Amino acid sequence: FADGLGPLCSPKNLDLCSEEKREKIEEFMSMDPKKLDEYVLSKEEEMKKLTSDFEDFVEGLQKQYEEADKMKNDGIQAIKESGLGLAKAVRASQKGKDE
């Protein structure tokens, strides 16, 4: 399982990086430390917003589901209370007479 593990692409192991990753790392390494901090913080904020928006969306879906489930259950209960069980019993007893 761990046989293939070893050093990974990183600022200390640029030779293990693809050209694209090496260029990105070098770009970040050449940035002013304050600018790099700003970049990291802004990206972390973007991720927090995406996560928050997703959680709000899921919460909305959950509320819609609960409302629809209640409406369905209330409707089923109303149908049952309208005499469905009695009507089925009468129908069943009539079928027994016909035979």
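Tutor: L61 has a relative accessibility of 41%, so it counts as partly exposed. The reasoning needs two cut-offs: a residue is buried under 20% and exposed over 50%, and partly exposed in between. Keep in mind throughout that this is a predicted model.

Now the setting. L61 is placed in helix α2, which covers residues 33-98.

Helix α2 holds other residues worth a look. D69 is found in helix α2 too. Its relative accessibility is 26%, so D69 is also classed as partly exposed. D69 can also be used to get a sense of distance: its C-alpha atom is separated by 51 Å from that of K35, and the two residues are 34 apart along the chain.

What about contacts between aromatic rings? The structure holds one aromatic pair. F28 and Y39 form this pair, with 5.1 Å from centre to centre and 45° between the planes, and the arrangement is tilted. F28 lies in helix α1 (residues 19-30) and Y39 in helix α2, so the pair ties together parts that are 11 residues apart in sequence. F28 counts as partly exposed because its relative accessibility is 23%. Y39 has a relative accessible area of 31%, so Y39 is partly exposed as well.

Now step back to the whole chain. The chain has two helices and zero strands. Its C-alpha trace spans about 90 × 40 × 20 Å along the principal axes. The radius of gyration is 32 Å, whereas a compact globule of 99 residues would have one near 13 Å. Of the 99 residues, 2% count as buried. The chain exposes about 9,100 Å², and carbon and sulfur atoms supply 58% of that area.

Technical notes
Residues numbered from 1 in each chain as written. Predicted model: local features only at pLDDT ≥ 70, side-chain atom pairs only at ≥ 80, totals over all residues. Heavy atoms only, no water. Helix = DSSP H or I, 4+ residues; strand = E, 2+ residues; numbered from the N terminus. Buried < 20%, exposed > 50% of the residue type's maximum accessible area, 1.4 Å probe, protein only. Phe/Tyr/Trp six-rings, centres within 6.5 Å; stacked < 30°, edge-to-face > 60°. Rg over C-alpha atoms; globule rule 2.2 N^0.38 Å. Areas by Shrake-Rupley, 256 points an atom, 1.4 Å probe, with all protein chains shown as cover.
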